[in-house]
Amino acid sequence: MCGIIGIVGQHDVAAQLYDGLMVLQHRGQDAAGIATAHGHRLLVHKGNGLVSDVFDAAAMRKLVGHIGVGHCRYPTAGSEGHEEAQPFYVNSPYGIALAHNGNLVNTEALRAEVFAQDRRNVNTESDSEVLLNVFAHELDKQRELSPEAALRALENVYRRCTGGFAAVTMVLGLGLVAFRDRNGIRPLVLGRRSGPAGDEWAVASESVAFDLIGFERVRDVAPGEGIVITADGRLHSRMCTEPGEHTPCIFEYVYLARPDSMIDEVSVHKARMRMGQKLGEKILRLRPGHDIDTVIPIPDSSRDAALEVANVLGVKYREGFVKNRYVGRTFIMPGQEQRTKSVRRKLNPIPLEFRNRVVLLVDDSIVRGTTSRQIVQMVRDVGARKVYLASAAPPVRYPNIYGIDMPAAEEFIAHGRSEREIEALLGVDWLVYQDLADLEDSVASPKGGPTRFDCSCFNGEYVTGPGEDYFERIRQLRSDAAKTTRRQPL
């Protein structure tokens with residue numbers, strides 16, 4: 001669920017890339033990087049940490065050029081070391097830098113192909129570096145550098161690569177090349193800014209990145225579409241593969257994206273409001289004579305849903321937690337130990353809103369359950385009479401394989417358990433989940449957007465059909481237990 005951005009401008013773009021990454025910081029807090037093109041030189045600065053930590057004035061001064069790409073990293077495939085900060089780059093052909101969001105599901109086969117067939121070396125465990133080398137090899141085969149050659153190269157990239165991915169590459173001597181997987185699982189949006197010297201273009205993971213830097217959202221990049229923006233600001237695009245069924249990741253709307261973003265013609269804010277309406281209606285069906293005094297969101301991404309739940313139930317909506325803005329998003333912390341420690345650093349309850357009350361806590365989703373359990377106990381400690389918990393999403397029971405760090409089903413509190421068993425483990429007096437059909441209805445767009453979604457973490461249905469051995473491999477590589485073992489000193 002990384003954040004990516006690319007710009008072709010009239011002047012140096014590093015500052016705009018930095019601002020765009022700051023707005024996309026919620027998509028990844030592990031590492032950040034920017035690459036720009038200056039003549040025949042590819043300039044790169046990247047490192048571990050938040051965007052504001054990685055870049056200082058000296059680093060920004062070195063990133064000259066009116067074309068560039070940026071990335072903020074959330075680790076899924078690969079390790080968490082600084083060597084896997086993006087953008088990745090290769091010197092041949094021409095010089096290419098790539099920023100990638102998502103996961104390939106045929107990485108191991110591709111890695112072997114890249115070495116044996118393409119005669120290229122991959123230095124890291126990252127599937128992003130594999131994707132870069134596949135594109136570089138296919139572009140090299142074209143024997144020319146042109147927009148049409150880049151689009152032909154993408155045809156072969158789509159032929160070889162399977163999974164959920166969105167990528168933007170910078171090719172020296174050409175410009176930007178952006179593309180999105182054939183099912184549109186991971187988001188990618190196109191923006192434009194018109195000026196006296198001509199059009200400037202940008203692509204990014206979310207439209208909210210354009211608001212700060214003055215670009216206007218034009219449209220979403222279509223599933224299977226390739227886009228080339230040349231250095232002089234000309235845009236070329238066409239479908240580079242037969243698109244599959246358009247099934248964007250529904251978890252983007254539940255949690256990942258900012259509410260002020262538009263993804264595939266759907267307002268994230270409005271989708272979350274509709275989730276709350278559906279959830280409130282379900283609560284009324286199940287407990288028409290409920291005793292709820294107050295609805296309180298677990299900040300931040302559940303606020304829209306919680307407010308609508310309160311409206312439907314006809315009870316008070318209150319803010320019951322003070323959030324420490326200097327602690328990152330707990331879900332995307334790279335290990336269970338860090339996630340656990342961060343909860344109490346991140347949230348502090350306001351006792352007045354809980355004491356002697358029956359409170360309904362609303363969260364966007366419940367994945368591992370550790371965070372929810374701690375929050376419930378905090379609420380009890382400050383005097384709540386009863387604690388109910390509602391999730392705006394269904395139970396998470398299956399791994400996510402398309403770019404979200406949910407690789408091992410046994411880590412999920414809902415895996416193999418009934419709702420009543422989960423209720424007991426969380427320590428709540430009542431637990432209610434959103435129904436999957438209601439979640440899909442909440443996100444489906446009446447204005448020509450998608451009507452079906454990748455809901456694989458809820459229903460176990462994977463649009464790319466990976467083999468069973470794939471799930472075992474990612475569990476061994478990316479589970480919290482595997483990460484803990486890798487951190488142990490030798």
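What follows is a chat about a predicted model.

Student: Let's start with cysteines. How many disulfides are there?
Tutor: The count comes to zero.

Student: Is Cys 72 buried or exposed?
Tutor: Cys 72 is buried, with a relative accessibility of 0%.

Student: Remind me what a disulfide is?
Tutor: A covalent bond that joins the sulfur atoms of two cysteines.

Student: Is Cys 249 buried or exposed?
Tutor: Cys 249 counts as buried, at 2% relative accessibility.

Student: New topic, rings. How many aromatic pairs are there?
Tutor: The structure holds 14 of them. One of these is Phe 210 with Phe 215, a tilted pair with 6.4 Å between the centres and 40° between the planes.

Student: Are those two, Phe 210 and Phe 215, buried or exposed?
Tutor: Both Phe 210 and Phe 215 are buried.

Student: Which residues do ring pairs link into a cluster?
Tutor: Phe 135, Tyr 158, Phe 165 and Phe 179.

Student: Where does the charged end of Arg 287 sit?
Tutor: Over the ring of Trp 430, at 4.1 Å from the ring centre. Arg 287 also lies over the face of Tyr 388, there at 5.6 Å from the centre of the ring.

Student: Another arginine then. Where does Arg 368 lie?
Tutor: In the loop that runs between strand S20 (358–363) and helix H12 (370–381).

Student: Is Arg 368 buried or exposed?
Tutor: Buried, because its relative accessible area is 9% and the cut-off is under 20%.

Student: What lies 2.8 Å from a polar atom of its side chain, I mean that of Arg 368?
Tutor: The backbone oxygen of Asp 405.

Student: Last one, helix H10. Which of its residues are buried?
Tutor: H10 covers residues 303–313, and the buried ones are Asp 304, Ala 305, Ala 306, Glu 308, Val 309, Ala 310 and Leu 313.

Student: What do the buried residues of H10 pack against?
Tutor: Helix H9 (268–286), strand S16 (294–297), strand S17 (316–317) and S20. S20 is also the strand at one end of the loop that holds Arg 368.

Student: And what comes just after H10?
Tutor: Gly 314, which takes a positive phi of about 75°.

Methods: Residues numbered from 1 in each chain as written. Predicted model: local features only at pLDDT ≥ 70, side-chain atom pairs only at ≥ 80, totals over all residues. Heavy atoms only, no water. Helix = DSSP H or I, 4+ residues; strand = E, 2+ residues; numbered from the N terminus. Buried < 20%, exposed > 50% of the residue type's maximum accessible area, 1.4 Å probe, protein only. Polar contact = N/O pair within 3.5 Å; in protein donor to acceptor, adjacent residues only side chain to side chain. Disulfide = S-S within 2.5 Å. Phe/Tyr/Trp six-rings, centres within 6.5 Å; stacked < 30°, edge-to-face > 60°. Lys NZ or Arg CZ within 6 Å of the ring centre and 35° of its normal. Contact = heavy atoms within 4.5 Å.
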